[in-house]
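Good morning. Please keep the picture in view.

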Amino acid sequence: MKRKLKILLLVLICLAVGNVYSQSRQEIKVAMLLPLYYDNIDELSFNQYNIAEKRNANYRCFSYISFYEGARIALDKLERQGYKITFFVFDVGENDIKKTSEVLEQEEMKEMDLIVPLVFKNSFDLISKFSQEHQIPLVNPMSPNNDILLNEYVFKIQPDDISIAQTTMKYIQEKHSNANVIILYEDSKNDNSLINWYKSNINSYTSSWTIINYKKNAAKLKNYFKPNVKNIVINLITKIDPNENKVFANTLTKKLFGFNNYDITLFAPFEWLDFSNIDYSMLERLDYHFTLTYLNDYTNPNFVDFVKEYRKHFRTEPDKIYAALGYDIMMYFIKALKEKKQSLTSEPNIKDMQEMINHYHFRHLPNYPGWQNETTTIYNIKNYKIKSEWSY
């Protein structure tokens, strides 16, 4: 029978070795809330008559399971290192207020040392209010929204646009100090804060730069390029409509490719790699770069070690983001909780990150009491392969 809340059958997975450890050893209690769609498990029923029909289906119960799987690999590793962890997993839906509320009403939730939800805004807001009331650290894995940092117990993994801009400009300053920087934008309220940041701060990084409203000046774009120096084009334009965005990406790359007398490096969104109309050879000729917090980077030895463990446990490859993200969050915050105890929310940064795939460094944003990770990696394409080039 269905209960008010389906607590996944994995509830109360105790990753410590029973009662072997003494009570003096610090126990860490972690709650993970994520959409596992246990109610939809019947979708996975296969038989000889429907296998062709179901082969290409997108099953919701598989959408986020890799986040849990990555976390499990980390917790298994931490167990072997002597950590005592009690791990609770709750199936709450992506944005199901009712189920989320029912989880938060569980008495054991007040005793958690860490809460890690992979949910959408409305559910996260509810969890955030609970975490603030009970002073429990709360990790948001995916949201770029700075407003979640109004809670001093929140740790945001994804950097905001300005942190990414800082990383990009720091890279240019260190690697291409004499470059001519051309920043492309369009009239958009969403871009105002980022454009204002560039206008206010770019002089600190380079003396040769132009910020161009592309909609008004596309025909004159070539006039802003300089010979005999590297011209770094930073594209900030992302169309709301996906098809329109594909067309724009193709148009801009072809236009820049036509400026073949200039040395060009293009910074553009990672999503361009998924566009079917994009010519990869053209991107490589344009020295295409992009910034991300997470990517399956097989040139990273720690990621390769993680993949080997993942294959051994689950007989498949990890997905693009969630598996590695779940792994790193557990590796970082369990160690931070053990090391910092009650001081985690006053100074969360730790030195022991050797086993992490991507490192974290947290700081406060102006007027926000929560903590944001500011570490971003810059990638490029060489010989049709994605390689990490720089991290800050």
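Two strands pair if DSSP finds at least two bridges between them. Helices (H or I, at least four residues) and strands (E, at least two) are DSSP runs, numbered from the N terminus. This is a predicted model, in which local features need pLDDT of at least 70, side-chain atom pairs count only at pLDDT 80 or more, and totals for chains, interfaces and linings use all residues. Residues are numbered from 1 along each chain as its sequence is written, and side-chain values use heavy atoms, with hydrogens and water left out.

Start with strand E14, residues 377–382. On one side, E14 pairs with strand E11 (residues 289–292) in the antiparallel sense, over four bridges. There, Thr377 of E14 is the bridge partner of Leu292. E14 also runs antiparallel to strand E15 (residues 385–391), joined by six bridges; one of the pairs is Asn380 with Lys387 in E15. Five of the six residues of E14 are buried, so the strand is largely enclosed by the rest of the structure.

Now the helices. The axes of H2 (residues 65–80) and H10 (residues 301–314) come within 10 Å and cross at roughly 105°. That makes H2 roughly perpendicular to H10, a label for angles of 65 to 115 degrees. Contact means heavy atoms within 4.5 Å. Among the residues that meet are Ile73 in H2 and Phe306 in H10.

Technical notes
Buried means under 20% relative accessible area, exposed over 50%, partly exposed in between (1.4 Å probe, protein chains only). Axes are lines fitted to C-alpha atoms, for helices over the stretch in contact, and angles run from 0 to 180 degrees between N-to-C directions. Angles under 35 degrees count as roughly parallel, over 145 as roughly antiparallel, 65 to 115 as roughly perpendicular and the rest as oblique.
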